[in-house]
Amino acid sequence: MTLMKVEAIRLRRLKMPLKAPFVTSFGCQTVRDAILVEAEAGGITGWGEAPALAAPLYNEETVETAWHLLKDFLVPALLGQSLTHPSRLAERLRPFRRNYIAKAGLEGALWDVWARARGQPLGQVLGGTRGRVAAGVSLGIAASVEDLLAEVALYLDRGYRRIKVKIKPGWDLAPLSAIRDRFGAIPLMADANSAYERSDLPRLKAIDELELMMIEQPLAADDLVDHARLQSELDTPLCLDESICSREDARKALDLGSCGIINIKAARVGGLTEAVAIHDLCRERGVPVWCGGMLETGIGRAHNLALASLPGFTLPGDVSGSDRYWDRDIVCPEIAVDAEGYITVPAGPGLGHEPDLGEIARRTVREEVLIAAG
Ligand code: OSB
Ligand code: MG
């Protein structure tokens with residue numbers, strides 16, 4: 001396949017109950033309303049996921065807006081068109097502003113088609129070099145410090161190689177100090193999802209004393225300038241998530257000194273092409289990156305695993321096993337963490353974790369098939 005002609009796209013909405021509610025500074029999730037994108041091109045099927053959240057609290061997108069964008073703009077712009085490579089999709093979709101999570105779902109399906117057509121694993125097609133990826137976990141805001149300590153113990157026992165804790169003003173020093181007291185110098189970091197302001201500097205200075213690996217996104221998504229000011233006041237590296245929606249954002253953040261580390265999520269930046277471009281920039285500049293997550297099903301999780309196999313992903317990310325969120329995932333095999341806390345990057349073509357069509361059908365609550373005219 002040198003030209004990829006997309007003949008049909010099937011969009012699905014799935015209801016996936018989370019094992020336990022996931023609480024952040026911006027809200028509480030109990031059910032994952034997931035969007036899957038299935039693309040047909042030249043007899044090959046590829047899968048992507050658009051992991052927008054139910055409410056516009058992490059970024060401006062929601063499950064409904066991502067569905068609307070895909071159905072009414074992005075898929076119609078692609079159907080019947082021929083692409084020489086998945087990386088050419090972004091320019092086709094550029095007239096439609098932002099809506100990066102929706103775009104990433106469509107691009108992801110095309111990357112899977114492309115890799116399967118070549119009989120190569122997606123990781124390899126992206127430039128991945130690792131055979132395994134260190135697993136990390138993101139722990140939500142808990143009901144009590146004791147509950148959080150029990151969760152930390154569980155994931156350390158399972159071999160996870162980094163613990164991330166969600167924080168907000170009032171749920172920061174106590175839980176983080178308790179973890180340091182109980183577990184010592186484990187690889188520990190905190191994610192604020194923009195819950196702090198400049199006036200919280202004294203509190204952030206106190207967190208600085210805990211020698212975390214990094215503090216993720218303390219300030220507003222649109223504020224690279226105050227992140228740079230804050231970074232100059234702290235020894236702990238800042239890591240940006242919400243602030244970085246493109247390679248250009250990453251360049252500006254690094255030029256300004258707004259962070260020392262970047263969390264790369266393909267979903268947040270419009271797809272794997274832009275994610276790889278940010279990876280390449282950071283690698284040139286010696287800036288470590290790690291792969292973030294968005295409560296993905298196994299489909300998005302397999303995409304993340306492929307991305308995290310690139311050489312610049314030197315820090316463990318929010319790449320966890322299927323059983324972190326799901327009683328039963330929708331891919332075969334499920335994504336598993338070994339006793340040493342690593343996930344094997346699959347060697348099969350494309351995602352390397354096959355969609356479980358029965359399980360997907362059982363959870364599908366809405367479906368839309370769009371077919372190229374003629
Ligand atoms: O800020 O990294 C984040 C989940 C949804 C939206 C934003 C974030 C997260 C997480 C969990 O931290 C990552 C995961 O385990 O998928
Ligand atoms: Mg984050």
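**A tour of two ligand sites**

Begin by selecting Asp191, which counts as buried because its relative accessibility is 1% (buried is under 20% relative accessible area, exposed over 50%, partly exposed in between, with a 1.4 Å probe and protein chains only). This is a predicted model, in which local features need pLDDT of at least 70 and side-chain atom pairs pLDDT 80 or more, while totals for chains, interfaces and linings use all residues. Residues are numbered from 1 along each chain as its sequence is written, chains are lettered from A and ligands numbered from 1 in the order in which they are written, and side-chain values use heavy atoms, without hydrogens or water.

Next, select the magnesium ion, ligand 2, and show Asp191 (OD), Glu216 (OE) and Asp241 (OD), its protein donors, which lie 2.1 to 2.3 Å from it (donors are N, O and S atoms within 2.8 Å of the metal, or 3.2 Å for Na, K and Ca; water is not among the atoms, so sites may look incomplete). Along the sequence, these donor residues follow the spacing D-x24-E-x24-D. Asp191 belongs to strand 8 (residues 188-191) and Glu216 to strand 9 (residues 215-216), so this pair ties together parts that are 25 residues apart in sequence (strands, E, at least two residues, and helices, H or I, at least four, are DSSP runs numbered from the N terminus). Colour Glu216 by accessibility and it counts as buried, at 0% relative accessibility.

Step from Glu216 to Gln217, whose place is in the loop between strand 9 and helix 8 (224-233). Gln217 is buried as well, with a relative accessible area of 0%, and its side chain reaches the backbone nitrogen of Glu242 at 3.1 Å.

For a last stop, select Val63, which is placed in helix 1 (residues 63-78) and is buried, with a relative accessible area of 4%.

Conventions:
Polar contact = N/O pair within 3.5 Å; in protein donor to acceptor, adjacent residues only side chain to side chain.
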